[in-house]
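Have a look at the picture, then read on.

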Amino acid sequence: MNHESGQAAVLDLEPGRSEFLQEVLAGLSSLPRTLPCKFFYDEAGAALFQRICELPEYYITRTELQILQTHGPEMAAHLGAGIALIGLGTGAGTKTRILLEQLRDPAVYVPVDISSGQLAQSTALFRQLFPSLEVLAVCADYLQPFPLPAAMRRATRRVVYFPGSTIGNFEPDLARDFLRRVALLSQAGGGLLIGVDLQKNHGVLERAYNDSQGVTAEFNLNLLARINRELHADFNLPAWQHRAIYNSAAGRIEMNLISARDQSVRLGERRFTFEAGERIITEFSCKYTPDGFAQLAQAAGFKLDKVWTDAESLFGVFYFTLPA
């Protein structure tokens, strides 16, 4: 099914309500309780994340943009001419635009994202900005298999672009498994350009996920609002508090919703009880050393070609290749 927005046709494989319900029920039935972070990005959530990216505490987006702006020509040289660029979770496409402006004669751009509204808007924009470039958008959960649309032009190779350090949302074993699936998508001779948040002082990390304006808290609580609206649950939002902490042993930020009191929540025919202080984990964000991430990708079949970082080594953009 195609979703139309202006002139932007999107191959629509967005997860449906039944899948959303099943994953929420499974997460709330687990110990510790969890909610899947991929469902943050409804229309309101996507807008809130754009605000997060502009916050002074949230160094991730501006640092990655700086790396792309500084090293974009060198990245393009490593990726080569005539490639098919497959963007996973590229959102509004700000970083992808910088990359595409540097690439030499790309054959096709395939953005894949779970947020259909934002994807349609960015696709329409990219078709205006790059009128000679074929843009084939896919609205899908890229954690699951999805078909690639057939491009009009044969590419020299496939390069998957995965910005924003979203790879940190996976625990290491799951990250390795995901990278193996990316290797299958890239195919022999292909590549992976990926943003990775690096390990640093825990104070810098915790401030980034507990901003003073409360936008990240609003973003986190919006997940409960979405569950209420789309799955007809009865989460009482004022009875939940946002808290993100850095787990130094695991090397990751853990984003939580904390129950402010004893309470119960109805979801369909199920009722879940929570004690005061009990948490729901909504997101992990693992942080890596450059060597540690390179080893993880190598275990999935990739070979490190180049890594670019900022002056403070806050963030890294890695380029990996696959044997031909």
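Which strands and helix do the buried residues of H1 pack against? They pack against strand E3 (33-34), helix H8 (215-231), strand E12 (263-267), strand E13 (270-274) and strand E14 (279-286). Keep in mind that this is a predicted model, where local features need pLDDT of at least 70, side-chain atom pairs count only at pLDDT 80 or more, and totals for chains, interfaces and linings use all residues. Residues are numbered from 1 along each chain as its sequence is written, and side-chain values use heavy atoms, with hydrogens and water left out.

**Helix H1**
- Helices (H or I, at least four residues) and strands (E, at least two) are DSSP runs, numbered from the N terminus.
- The buried residues of H1 are Phe 20, Val 24, Gly 27 and Leu 28; buried means under 20% relative accessible area, exposed over 50%, and partly exposed in between (1.4 Å probe, protein chains only).
- Looking down the axis of H1, those buried residues fall within an arc of 90°, so they line one face of the helix; the arc is that of the directions from the helix axis to the C-beta atoms.

**Ser 165**
- You'll find Ser 165 in the loop between strand E8 (158-162) and helix H6 (172-186).
- With 5% relative accessibility, Ser 165 counts as buried.
- Leaving aside residues up to four places away in sequence, Ser 165 touches Gly 195, Val 196, Asp 197 and Phe 315 (contact means heavy atoms within 4.5 Å).

- Most residues other than glycine have a negative phi, and most peptide bonds are trans.
- The peptide bond from Leu 31 to Pro 32 is cis, with omega near -5°.
- His 232 has a positive phi, near 60°.
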